[in-house]
Amino acid sequence: MTMQDENPQAVQYQKRGRVAYITLNRPDVLNAMNLEMHRQLLAVWETVNQDADVWVVVLAGEGGRAFSVGQDLKELKLRYEAGEPPSSLGSGGRAGWPRFTERFDIHKPVIAKVDGYAFGGGFELALACDLIVATEESVFALPEAKLGLIQGAGGIFRLTRQMPLKQAMEMLLTGKRITAREALEFGLVNQVTTKENLDEAVDKLTQDILRCSPMAIQAIKNIAYESADKSLEQAFAAEYYAEQQRLQSLDLVEGVDAFLEKRDPVWCGR
């Protein structure tokens, strides 16, 4: 299905089996994100979140040249000229709010499928995903400081948590670009592959996740992120929404039963 709106091509959404595929589809501008794209993305994420039959999400950019180069600067200039106040951290109630980079209620695993440039908000979008598979040609950067901007979609927060601090600060303060191989060395991406093998690599990772209990996967994601800033004592004592859902699910004993009965588990995701 394709989201129908003022610009029906800005975001494409398809569901195949248990996997949702979200594609940023403005390849003529390297998938730069305008307000209309953000509006459509909000509707897509709501669909994903509410659909119990979606167990894994793959987020990609159309065209083979860019995942996304971030904010549509031409549109931003027009918005400023029209009197819109400048934004800071977060989307602050603007179109598409709360955007994916500001949401913490999506417990389903999200894989970023990066082929080409992931700059600015595009890189921030990828950093907000749980896993990243990138082609060898992919390049990552947060160049906002060169434009008098800041990395307001979470790049400051996530990059300094996901790679060594000094290297993260160099990227943030200079707009330095890094290759996919460098991103792999820093632990920012999970896999680097060729363009020809990108689909296969993402499909394999997706299938590996689908073999696991969807309720367990969602609980693990929820616990991992919610406990990140807690002490071990606090982490054990805290309650986690997705774990409470797992404990009440039909899938709770299916994995153990299947193992003892020497068969493949049949998950229902509820």
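Entry 1: I began with K15, which is partly exposed at 39% relative accessibility. This is a predicted model, so I checked the confidence before going further. The protein chain averages a pLDDT of 94, and 97% of the residues score at least 70.

**Entry 2: the partner of K15.** Which side chain does K15 meet in a salt bridge? I found D51, with 2.7 Å from N to O. K15 sits in strand β1 (residues 11-16), while D51 lies in the loop between α1 (35-50) and β3 (56-61). The two are 36 residues apart, and I noted that the pair links distant parts of the chain. Is D51 buried or exposed? At 18% relative accessibility D51 counts as buried, because the cut-off for that label is under 20%.

Entry 3: D53 forms a salt bridge with R270, and their closest N and O atoms are 3.2 Å apart.

Entry 4: Next I looked at D208 and R211, whose side chains meet in a salt bridge at 2.3 Å, N to O. D208 is partly exposed at 30%, whereas R211 is exposed, with a relative accessible area of 54%. I also wrote down a network of salt bridges that links E75, R79, E84 and R94. How many salt bridges does the count come to? I have 21 in my notes. As a reminder to myself, side chains of opposite charge can pair when their charged atoms come close.

**Entry 5: cysteines.** How many disulfides does the structure hold? The number is 0. For C129 the reason is distance: the closest cysteine sulfur, in C212, is 19 Å away, too far for a bond. C129 is buried, at 6% relative accessibility. C212 is in no disulfide either, and the nearest cysteine sulfur to it, that of C268, is 15 Å away. C212 counts as partly exposed at 36%.

Definitions and conventions
Residues are numbered from 1 along each chain as its sequence is written. This is a predicted model: local features need pLDDT of at least 70, side-chain atom pairs count only at pLDDT 80 or more; totals for chains, interfaces and linings use all residues. Side-chain values use heavy atoms; hydrogens and water are left out. pLDDT is the predictor's confidence in each residue, from 0 to 100. A salt bridge is a side-chain nitrogen of Lys or Arg within 4 Å of a carboxyl oxygen of Asp or Glu. Helices (H or I, at least four residues) and strands (E, at least two) are DSSP runs, numbered from the N terminus. Buried means under 20% relative accessible area, exposed over 50%, partly exposed in between (1.4 Å probe, protein chains only). A disulfide is a pair of cysteine sulfur atoms within 2.5 Å.
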